[in-house]
Amino acid sequence: RGVVVVAGNANVATGPQGGRDAVELGGLAAGLTGLHPSEVLVASTGVIGRPYPMAVLRAWFAHAGGVRDGSGASGDGAAGSGAPGVTARRTGRAGDVAAAIMTTDTVAKTAARRVGPATVVGMAKGVGMIEPDMATMLAFVCTDAAVEPPDLDRLWRRVVDETFNCLSVDGDTSTSDTAVVLASGAAGPVPEADLTVALREVCLDLTLQLARDGEGATKLLTVTVRSARDRDQARRVAKAIVNSPLVKTAAHGGDPNWGRVAMAIGKNADDHDIDPDRVVIRFGDLEAYPAVPGEEGLAALADLLAGDHVDIDVELGAGDAEATAYGCDLSAEYVRINADYTT
């Protein structure tokens, strides 16, 4: 029924006391909202190894009173999403939640879609130490559509696998990632296909916002791998490319060094069915390999890489599966942020 979030403290590696503190925090939130403690989920993000400041948290709840407001996030305005029965919608109060859970984020991240009589609203945070399925990423999606828990669980796992689990900012895994979906049922049932589209659009929107706001990032980096043996291979190769420091720095500098992409593909040494003679590498719609770009072609590639979105497309020639990974470039600002994170 509810989620309580602590931003700035991961409550990880804090021993048995950390467990007791999390239980107490859930109970405090339940008492404030009139829920049973078992109906409240606890999420945390921040520095590892530090106990919750329980005195501060207890004092806040003591003074918060019995404020209860179950109206949910609101929005105004609508625009077509391109999917039948689903429209885009701006978020209102969800932005307050997204802003409250920010750590090194520079902007609050929200997304929403209308699906028939129902709404799907999402909020997320996280810009560093991101490589699901372990990351300092928090994502909370709420809907008033009526859907049975087993069905929602099945849809959610599929959507998360195609969105959040295809995101990587720096390849570093953490301890505190959480992705939650809650459904109140207040708006009644909607077609499962439409609900799936809405959930996926909200989560993909949030995924792209997370990638764009990566620590120190100046560019969104998307890598699509096609004609792979299966989806696991496609995502594995896409992640190898999007996580490569050399690819990321080339993207940052606008350097059309396609050899770094070829190197990242080759790092998947166990994928013996990847034949270099069948691989095709493109930046946007410009082929870089096996074509020989020449000076004019390299200049065109450099112009493409100068934008704030670098799109890399790779064909493996090993099958008909594909996957896309989402990330960002690597800048000196990333080093500064993380060199000074706790000081």
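Which residues in H1 meet which residues in H2? Asp21, Glu24, Leu25, Leu28, Ala29 and Leu32 in H1 meet Met54, Leu57, Arg58, Trp60, Phe61 and Ala64 in H2. Contact means heavy atoms within 4.5 Å. The model is predicted: local features need pLDDT of at least 70, side-chain atom pairs count only at pLDDT 80 or more, and totals for chains, interfaces and linings use all residues. Residues are numbered from 1 along each chain as its sequence is written, and side-chain values use heavy atoms, with hydrogens and water left out.

Helices (H or I, at least four residues) and strands (E, at least two) are DSSP runs, numbered from the N terminus. Helix H1 (residues 15-33) and helix H2 (residues 54-64) pack at about 10°, their axes 10 Å apart. H1 is therefore roughly parallel to H2 (angles under 35 degrees count as roughly parallel, over 145 as roughly antiparallel, 65 to 115 as roughly perpendicular and the rest as oblique). Axes are lines fitted to C-alpha atoms, for helices over the stretch in contact, and angles run from 0 to 180 degrees between N-to-C directions.

The axes of helix H4 (residues 149-162) and helix H5 (residues 192-212) come within 9 Å and cross at roughly 40°. H4 and H5 are therefore oblique to each other.

Strands pair if DSSP finds at least two bridges between them. Strand E6 (residues 118-125) pairs with strand E9 (residues 138-146) in the antiparallel sense, over 6 bridges. Valine 121 stands opposite cysteine 142 in E9. E9 also pairs with strand E10 (residues 178-189), in the parallel sense, over 8 bridges. Here alanine 139 has alanine 179 in E10 as its bridge partner.
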